[in-house]
Amino acid sequence: MIEARGLARSFKTREGIVEAVRGVDIDVSPGEIVGFLGPNGAGKTTTQRMLTTLLAPSAGSARVAGHDLAREAVEVRRRIGYVAQRGGTEPEARVGEELVDHGRLYGLTRADAAARGAALLGRLDLHGSWARLVKTLSGGQRRRLDIALGLINEPPLLFLDEPTSGLDPQARANLWAHIRSLRAEHGVTIFLTTHYLEEADALCDRILVIDEGLIAARGAPEELKRGLAGDVVALTVRDADDAARAALVLEARSAASAPEVEGVIVRFHLPSAAAGLPEAFWALEEADIAPVGVEVHRPTLDDVFLSLTGRALREQPVAA
Amino acid sequence: MTTAAQTWLIFRRAMRLSLRNPVWVIIGIVQPILYLALFGPLLERVASTPGFPGGSSWQVFVPGLLVQLGIFGAAFVGFGLVAEMRAGVVERMRVTPASRVALLGGRVLRDVVVLLAQGALLVLGAFAFGLRAPLSGVLLGLLVVALLGAAFASASYAAALRLGTEDALASLLNTLAIPLLLLSGILLPMSLAPGWLETVSDINPLKHVVDGVRALFLGETASATVGWAVVTVVGLVGAGLALATRTFGRESG
């Protein structure tokens with residue numbers, strides 16, 4: 001559905017030329033949900049804007065939905081839906097008007113656009129919002145309207161840019177369910193960007209990790225996480241002596257690996273803290289060491305990044 | 001769907017949104033009426049000054065106001081586009097297969113229709129103040145002003161797409177507006193100006209548009225002055241539309 005080779009894009013700024021995307025290969029098969037994961041400024045949105053014909057690549061080529069991006073932009077546009085991060089609805093417009101007008105830009109008749117729009121509102125739990133002004137919708141509702149607009153031409157391929165950013169956890173979970181059903185019930189191929197690991201985990205069959213304009217890793221979420229050393233546990237004990245002894249005991253008698261002592265704190269990795277901590281505590285009790293505090297840190301995008309790139313995740317964009 | 005049909009669709013959408021919140025349309029018409037009421041009477045005296053063109057002071061002043069409306073009413077439409085860009089509406093439309101000409105043209109058409117309504121109201125108001133001019137001249141004058149508006153609206157959209165923020169657009173407009181206004185003879189005819197100033201103003205295409213609309217209001221139709229105005233305004237429309245269409249097709253917004 002997507003087949004991109006060496007796609008690159010640089011921008012001229014006052015500080016010189018910024019290479020936002022430095023040559024990426026992307027393959028997405030029909031029916032897949034693929035996540036494009038990376039920190040802000042890594043090149044996710046730039047890549048997606050190239051694949052959706054909004055931005056001309058400075059190098060490379062791509063076929064999207066069966067057509068060449070450079071030569072057949074209009075054919076590509078007919079076959080894709082795109083939901084931008086900031087959305088795309090006019091606050092003063094009515095929901096139904098936005099759907100009908102958008103559908104007509106794809107060449108649908110007024111009646112067809114209205115029928116499809118109404119069906120999409122139903123599918124996305126926006127019943128009864130046809131006559132409402134866009135500005136009266138909640139953030140989650142507005143996001144679902146954006147998605148409805150992106151689907152009005154029944155595209156086989158849907159691009160979502162940070163679909164749940166700015167939504168509360170409930171609205172996010174709800175949107176995830178809708179995205180899954182697009183594929184399950186309508187066979188839509190989905191290519192989404194996100195900087196939330198749990199989002200990629202919850203939705204995607206495959207993940208591409210992008211950093212500084214290059215693909216840093218690709219694989220199923222499980223594969224990527226397998227590359228990590230599991231949960232990080234920070235255990236506080238009574239004094240430095242206990243901490244040094246605890247490190248030895250844990251290494252010898254539990255699943256803990258790579259313990260490090262820092263004052264009264266011992267840090268170590270466990271493949272799974274839920275399964276491994278009781279055993280670690282038993283071992284410590286037998287050695288007469290009483291933990292006074294414990295903190296468990298689950299792997300995050302930072303950890304994926306740290307292990308993939310050896311650097312901490314930068315939240316600041318490269319090109320400010 | 002043809003480009004014309006798409007243009008019509010974008011026009012109707014833009015018009016619907018303008019009418020839903022008509023504050024700007026109303027401000028646009030109140031301003032020229034203030035000029036009519038508060039500045040017009042001053043000109044009645046000035047009209048006897050040597051160098052003042054023939055006809056009544058209203059036949060000189062109202063065409064100037066119409067051109068001013070055509071320029072400044074249209075030059076500010078870019079602010080609306082910046083808001084649409086911020087909301088993501090422009091980008092959403094650019095992902096559709098719709099013609100870029102239509103995405104621009106529908107909006108410009110809305111601006112021209114608003115402008116014509118304001119211009120017609122202005123002429124009717126001026127009639128109450130004492131304007132007398134041939135109907136054909138008034139209608140042709142409005143047509144020239146409509147074309148001028150289309151040119152400035154297009155240029156304003158192109159600038160909005162390039163600049164992307166209200167601040168940048170406002171500084172550009174403020175930089176251009178005062179010299180254009182002063183050198184166009186909109187408020188007082190340039191025939192009153194000393195030689196050097198008149199020469200400088202000759203470079204400003206808007207001066208020729210103002211002169212042409214004045215000539216139309218005086219009943220000329222086939223004169224060289226009118227011809228220059230039409231040529232100028234058609235050239236401006238062509239340049240404005242070409243620039244804006246190119247910008248819409250490019251990757252901004």
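A residue is termed buried if 20 or more other C-beta atoms lie within 10 Å of its own, exposed if 12 or fewer do, and partly exposed in between. The legends below refer to a predicted model.

**Figure 1. Helix α4 of chain A and its buried face.** Helix α4(A) comprises residues 110-123, 14 residues in total, and spans 20 Å from its first C-alpha to its last, close to the 20 Å expected at 1.5 Å a residue. The buried positions of this helix include A:A113, A:R116, A:G117, A:L120 and A:L121. An α-helix has 3.6 residues a turn, so residues three or four places apart point the same way. The buried residues of α4(A) pack against α3 and against α5 (139-150), both of chain A. On the other side of α4(A), the residues A:A111, A:A119 and A:G122 are exposed. After α4(A) comes A:D125, with a positive phi near 55 degrees.

**Figure 2. Helix α10 of chain A and the elements that cover it.** Residues 273-286 of chain A form helix α10, which has 14 residues and reaches 20 Å between its first and last C-alpha atoms, close to the 20 Å expected at 1.5 Å a residue. Its buried residues are A:G276, A:L277, A:A280 and A:L284. Seen down the axis of α10(A), these buried residues fall within an arc of 110 degrees, so they line one face of the helix. The cover over the buried residues of α10(A) includes strand β11 (231-236), helix α9 (240-253) and strand β13 (265-270) of chain A. The face of α10(A) turned away from the buried side carries the exposed residues A:A274, A:A275, A:P278, A:W282, A:E285 and A:E286. Just after α10(A), A:D288 adopts a positive phi of about 65 degrees.

**Figure 3. The β1-β2 hairpin of chain A.** Strand β1(A), residues 2-13, and strand β2(A), residues 16-28, are paired in the antiparallel sense over ten bridges. Two residues lie between the strands, and β1(A) and β2(A) form a hairpin. In this pairing, A:E3 stands opposite A:D27 of β2(A).

**Figure 4. The contact between chains A and B.** Chain A contributes 24 residues to the contact and chain B contributes 20 residues. On the side of chain A that touches chain B, α2 (73-79) and α3 (95-105) of chain A each supply at least two residues. By class, this side of chain A holds eleven nonpolar, six polar and seven charged residues.

Figure 5. Chain B contains twelve helices and zero strands. The C-alpha atoms of chain B fill a box of roughly 60 × 35 × 35 Å along the principal axes. For 253 residues, a compact globule would have a radius of gyration near 18 Å; the 19 Å of chain B agrees with this value. Of the 253 residues in chain B, 48% count as buried. Among contacts in chain B with a separation of 6 or more, 81% join residues 24 or more positions apart. Within chain B, B:V234 lies in helix α12 (residues 224-249). B:V234 has 13 other C-beta atoms within 10 Å and is therefore partly exposed. The C-alpha atoms of B:V234 and B:P32 are separated by 24 Å, the two residues being 202 residues apart along the chain.

Note on methods:
Residues are numbered from 1 along each chain as its sequence is written. Chains are lettered from A and ligands numbered from 1 in the order in which they are written. This is a predicted model: local features need pLDDT of at least 70, side-chain atom pairs count only at pLDDT 80 or more; totals for chains, interfaces and linings use all residues. Two residues are in contact if their C-beta atoms, placed from the backbone, lie within 7 Å. Helices (H or I, at least four residues) and strands (E, at least two) are DSSP runs, numbered from the N terminus. Ala, Val, Leu, Ile, Met, Phe, Trp, Tyr, Cys and Pro count as nonpolar, Asp, Glu, Lys and Arg as charged, and the others, Gly among them, as polar. The expected span of a helix is 1.5 Å times one less than its number of residues. The radius of gyration is taken over C-alpha atoms; the globule rule is 2.2 Å times the number of residues to the power 0.38. Two strands pair if DSSP finds at least two bridges between them. The arc is that of the directions from the helix axis to the C-beta atoms.
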